[in-house]
Amino acid sequence: MRLLLAILTLSLLAAACSGDDNGVEPAETAPSPTIAADPIEPDRTIEPSYAGTVPAPEFPDDLDWLNTATPLQMADLQGKIVLLDFWTYGCINCIHIIPDLHRLEEEFGEELVVVGVHSAKFINESETDNIRQIVLRYGIEHPVVNDRDFTVWRTWGAQAWPTIALIDPAGNVVGMHSGEGVYDTVQPVIASLVNEFSSGDLIDRTPLELRLEKETQANTILSYPGKVTTSAPGDRIFISDTGHNRVVAANPNSGEIVAVYGNGNAGFESGPALSAEFDAPQGMAFDDATGVLYVADTNNHAIRAIDTRAGTVTTVAGTGSQGWPPAAGLLSDVRLNSPWGLALRDGRLWVAMAGFHQIWTIDISGGIATPAVGSALEGVANGPLVEAELAQPSGLVFDAAGRLYFADSESS
């Protein structure tokens, strides 16, 4: 049936906003000045076809492109199913759907082209060189256009980050969807389009010619390291080598690497140091008494523990899958959401839980993880701990008096 993806997912988004545990977080609404007065209106008629009848609007001529040698036009994409991803790189919801997009690209490698439309929330995010660094950091290998003035955004009538739009091989609009949960929503539609257009030999399976940004980069010992911490005596510095999915220990005086934890592959495996796997580790906290380094394993939505004396990696909290809505739980089955920063105090871990817009505590001996600060509504409201609004907290530290400071990333 022909349908608008936004209609297809209304019940899913309503459930997310009402707190049903479907693992999908609501999208972040964009400021009203960026919303088009006359957004594109695809055909909403329900018919036995996914194909649309409204031609997709052309990309403007004066935009910067990444991962492609020349700017793309809709004619270059004729015969392909096209997924536009409206995103901004400081938005945790946008980061959450990158694995979904990668999964779709792998599954429909010959038929699908993803095009990232980067419509920046903050001024610095609109700089092409900054977007290039993010493309490299997150391993994005599809074309990305810098929509710095919201021209493409306005044309399509996007109203939230992330929003995706789907275009059929004939160049017509199929529909749009805002929020996370992209794979489960879009995969059946893409599969149906492949069936429908394959029968008429209307799909072009010739690979799109790309020029990836990573092809111009030199190999380096570290790749976008996210955080550092030290042992109390200062004899070791621990580096979350985020882009290489590992943790590196080094001598801070000589710079010599003394240990590596993680084999470099993105994964969720415990075991000996060089066979264990992380996925984009970030914040760390070192327990000098036990020699255990706690790691916020961000893309695995888990807290890991490195026993630096035994050289082994285990999981402290989290199942490896993203949780929503936030709910306390036993460490073995609690579902976390993009933990980004850690601080250790009196046997308790404090976690900057970026995906929940909260700060959590993990009682290691008690075996429970609990939200401690923030209502899970994204905002900048101060007040009592459970009512305050945070916006993607990313790092935190205690001072000598026991006051906890945190970087509230998306509120700037």
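Guide: Let us begin with helix α5. Its buried residues pack against β2 (64-66), β3, β4 (112-118) and β5 (144-146). Packing here rests on contact, meaning heavy atoms within 4.5 Å. This is a predicted model, in which local features need pLDDT of at least 70 and side-chain atom pairs count only at pLDDT 80 or more, whereas totals for chains, interfaces and linings use all residues. Residues are numbered from 1 along each chain as its sequence is written, and side-chain values use heavy atoms, with hydrogens and water left out.

Visitor: Which residues of helix α5 are buried?

Guide: In α5 (residues 128-137) they are Thr128, Ile131, Ile134, Val135 and Leu136. Just after α5, Gly139 takes a positive phi of about 65 degrees.

Visitor: Why does Ala280 count as buried?

Guide: Buried means under 20% relative accessible area, with exposed over 50% and partly exposed in between (1.4 Å probe, protein chains only). Ala280 has 13% relative accessibility and therefore counts as buried. Its place is in the loop between β13 (271-272) and β14. Phi of Ala280 is near 55 degrees, a positive value in a residue that is not glycine.

Visitor: Why does His357 count as buried, and where does it lie?

Guide: The relative accessibility of His357 is 1%, so this residue counts as buried. His357 lies in the loop between β20 (348-353) and β21 (358-363).

Visitor: What does the side chain of His357 reach?

Guide: It reaches the backbone nitrogen of Gln392 at 3.0 Å. A polar contact is a pair of N or O atoms within 3.5 Å; within protein, one must be able to donate a hydrogen and the other to accept it, and residues adjacent in sequence count only if both atoms are side-chain atoms.

Visitor: How do you know that β14 and β15 pair?

Guide: Two strands pair if DSSP finds at least two bridges between them. Five bridges join β14 (residues 281-287) to β15, and the two run antiparallel. Leu293 in β15 is the bridge partner of Phe286. The two strands form a hairpin with four residues between them, and Gly291 in the turn has a positive phi of about 75 degrees.

Visitor: To which strand do six bridges join β15?

Guide: They join β15 to β16 (residues 302-307), again running antiparallel. Asp297 has Ala302 in β16 as its bridge partner. This hairpin has four residues between the strands, and His301 takes a positive phi near 50 degrees.

Visitor: What makes strand β15 mostly covered?

Guide: Six of the six residues of β15 (292-297) are buried. Val292, Tyr294 and Ala296 lie on one side and Leu293, Val295 and Asp297 on the other, and both faces are covered.

Visitor: Why are β9 and β12 called edge strands?

Guide: Four strands form an open sheet in the order β9-β10-β11-β12, with antiparallel pairing. β9 (228-230) and β12 (257-261) each pair on one side only. Five bridges join β10 (residues 237-241) to β11 (residues 246-250), and Phe238 stands opposite Ala249 in β11.

Visitor: What is the largest nonpolar core?

Guide: A nonpolar core is a set of buried Ala, Val, Leu, Ile, Met, Phe, Trp, Tyr and Cys residues joined through side-chain atoms within 4.5 Å. The largest has 36 residues, and Leu77, Leu84, Phe86, Val115 and Trp156 have the most contacts inside it. Strand β3 (residues 81-87) gives the largest share, four residues. Leaving aside neighbours within four places in sequence, Phe86 is in contact with residues including Val117, Trp156, Trp161 and Pro162.

Visitor: What kind of peptide bond joins Trp161 and Pro162?

Guide: It is a cis bond, with omega about -10 degrees. Pro162 lies in the loop between β6 (160-161) and β7 (163-167). A cis peptide bond also joins Trp324 and Pro325, with omega about 0 degrees. Pro325 is found in the loop between β17 (312-317) and β18 (329-330). Most peptide bonds are trans.
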